[in-house]
Amino acid sequence: FVQELAERDRAYAQGIAVFRQAVQDIASTSEGEAALRQYNAGDEVGALAVLDRLVDARERARQVRANIETAAERRRVAALAVDAKKKGKERAGKVVVRYEDVTRLDAGVHWDWVELVRLYTEVGRLQDSKRAALKAADTAENPRDRSVAFGELGDVLVAQGDLAGAKLRYEESLEISKRLGLPLDA
């Protein structure tokens, strides 16, 4: 009987510790603290819904962070694969797959999209190349990046036979380059 009581006491103490930790974790944010006040005021169902949304949001944030970290690692390998391709040791199609994986995990890096534009063009996937060029423009962080994206898009449009569209994009790229005082390639 004494042994059984001791086990119950340990289980009870552990349960209290887990509950205390859960309350402290929840109360560590203003949203969690408000949900606990809501819970204590008698709106348990409403508070639980808020807490579920908080947990879901934190889980999504952790997943995004993990994806970005994985993309950074894969980006380094993909850059090496580009080098191996230039040396004739790797096929462009395999490098495309690497960069597609990187951009799937972290779609916000301009230069990943620029590389993908060039790779898609090399393997003849011009529609994908155009889509990647547009993403490069969307993710440009500065005017120089934007100029590069427009130049890449111009190249894709030439390859697709849209010379008028290419001319417009080249002119946009040139205008930005002039404003920035960048050297103009002949």
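Modeller: A word on terms: angles under 35 degrees count as roughly parallel, over 145 as roughly antiparallel, 65 to 115 as roughly perpendicular and the rest as oblique. This is a predicted model, where local features need pLDDT of at least 70, side-chain atom pairs count only at pLDDT 80 or more, and totals for chains, interfaces and linings use all residues. Residues are numbered from 1 along each chain as its sequence is written, and side-chain values use heavy atoms, leaving out hydrogens and water.

Colleague: How many helices are there in the chain?
Modeller: Helices are DSSP runs (H or I, at least four residues), and strands are E runs of at least two, numbered from the N terminus. The chain has zero strands, and its helices number eight.

Colleague: Are α2 and α3 roughly parallel or antiparallel to each other?
Modeller: Axes are lines fitted to C-alpha atoms, for helices over the stretch in contact, and angles run from 0 to 180 degrees between N-to-C directions. Helix α2 (residues 30-40) and helix α3 (residues 44-86) have axes 7 Å apart, at an angle of about 160°. The two are therefore roughly antiparallel.

Colleague: Which residues of α2 make the contact?
Modeller: Contact means heavy atoms within 4.5 Å. On the α3 side, Glu44, Gly46, Ala47, Leu48, Val50, Leu51 and Leu54 take part. From α2 come Glu31, Gly32, Ala35, Gln38 and Tyr39.

Colleague: What share of the 186 residues counts as buried?
Modeller: Buried means under 20% relative accessible area, with a 1.4 Å probe and protein chains only. For the 186 residues of this chain, the share is 28%.

Colleague: How much of the accessible surface belongs to carbon and sulfur atoms?
Modeller: Areas come from the Shrake-Rupley method with a 1.4 Å probe. Of about 12,200 Å² for the chain, the carbon and sulfur part is 54%.

How values were computed:
Buried < 20%, exposed > 50% of the residue type's maximum accessible area, 1.4 Å probe, protein only.
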